[in-house]
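Visitor: I have a few questions about the terms used for this protein. Could you take me through them?
Guide: Gladly; have a look at it first.

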Amino acid sequence: MYNSKIIGLGYYVPDNVVTNDDLSKIMDTSDEWIQERTGIQERRWVKPNSGETTASMGVEAAKIAIDRAGIDKDDIDFIVFATLSPDMYFPGPGVQVQHALDIKTVGALDVRNQCSGFVYGLSVADNFIKTGMYKNVLVIGSELHSHGLDKTTRGRGVSVIFGDGAGAAVLTREEDTSKGILSTHLHSQGEHAEELVLVAPGMGKRWVNDIIADNDPNDESYFPYMNGQFVFKNAVVRFSEVIMEGLMTNKLQVEDIDMLIPHQANLRIAQFIQKKFKLSDDQVFNNIQKYGNTTAASIPIALTEAWEQGKIKEDDTVVLAAFGSGFTWGSVIIKW
């Protein structure tokens, strides 16, 4: 048995910065209102007709991660792509990355676990490597939310939160089992699936035929819906539980955490967890202020920035934790 370790990180965000003041010009909102509820100051949105897509952003992040890993693209044995916003209903973007990077015909798996997608993706990669099936696995989280948001006052409770971007990691074998990914922990609670949901198009309730036939300009089924307070209350509980689960599995204490990188869902959630665990500002990394909630991309973007800024060093204990639609949640414990 091996462990897996991250040897390359990269991220990509569109150039187009959209501030809270920019949003106040197209909907009834304000910088104060958004910051008070979410902590977000600005986000990146792909410009229409720019050619940037979920897959293309993932490709750009992957190129950086592969370069930093010091390996050739053809050393990649498997691709895991986490997203809720694929370019096409099918196929998923994993195969688009394989083609765009001109990687040999390796397997490509798409993960649809929304905000916890990257954590789930790391778990898949980790277990493939631990069993010896693959040596080098590329894991990508990428989202293009902006094209699917209701950018009117009606949709402001959701649309002000989300941003576009991508992050990637290259994992490889680590023979020292005291290093690398020590454990992953995954959970779900489908009874709350419709508290954070995008209904259409979907075969179960509203497919394209229904939308076209009704031609209803007030049909909100193809915009995201979120029961914000309910999601918040569940998130703070599940974040705490899954972080403690990871620590206890590895006989670690809260004091052993060198860096906690939570999914960037809402700055208030991260601050609640920080206060509960009595962590210092140096022990928690947040960048939602700049990028908003980039769902499956948020953890790899934040992880890359923290590493680039020297906040993650060799032998540090790094904890990743995410909660989101599904409900799904999880954590990853890493000895860097």
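Guide: Let us begin with a term: a salt bridge is a side-chain nitrogen of Lys or Arg within 4 Å of a carboxyl oxygen of Asp or Glu. Please keep in mind that this is a predicted model.

Visitor: Then what makes K63 and E60 a salt bridge?
Guide: Their side chains meet at 3.4 Å, N to O, and the cut-off is 4 Å, so the pair qualifies. Both residues lie in helix α3, 3 residues apart, or about one turn of the helix. In general, an α-helix has 3.6 residues a turn, so residues three or four places apart point the same way.

Visitor: Why is K63 called partly exposed?
Guide: Partly exposed covers the range between under 20% (buried) and over 50% (exposed). K63 has 43% relative accessibility, so that is its class. E60, at 31%, counts as partly exposed too.

Visitor: What makes R68 and E308 a salt bridge?
Guide: The N to O value for these side chains is 2.9 Å, and the limit is 4 Å, so they count. R68 sits in helix α3 and E308 in helix α11, so this pair ties together parts that are 240 residues apart in sequence. R68 is partly exposed at 35%, as is E308 at 38%.

Visitor: How many salt bridges does a search of the whole structure find?
Guide: The search finds 16. One of the pairs is D74 with K73, at 3.2 Å, and a network of salt bridges links K179, E314 and D315.

Visitor: What makes the side chains of H185 and E245 a polar contact?
Guide: The two side chains are at 3.5 Å. A polar contact takes a pair of N or O atoms within 3.5 Å, one able to donate a hydrogen and the other to accept it, so this pair is counted.

Visitor: How do you know that the buried residues of α4 are on the same side of the helix?
Guide: The buried residues are P93, G94, V97 and Q98. They cover an arc of only 155 degrees around the axis, which puts them on the same side of α4. Their cover includes α3, β4, β5 and β6.

Technical notes. Residues numbered from 1 in each chain as written. Predicted model: local features only at pLDDT ≥ 70, side-chain atom pairs only at ≥ 80, totals over all residues. Heavy atoms only, no water. Buried < 20%, exposed > 50% of the residue type's maximum accessible area, 1.4 Å probe, protein only. Helix = DSSP H or I, 4+ residues; strand = E, 2+ residues; numbered from the N terminus. Arc of directions from axis to C-beta. Contact = heavy atoms within 4.5 Å.
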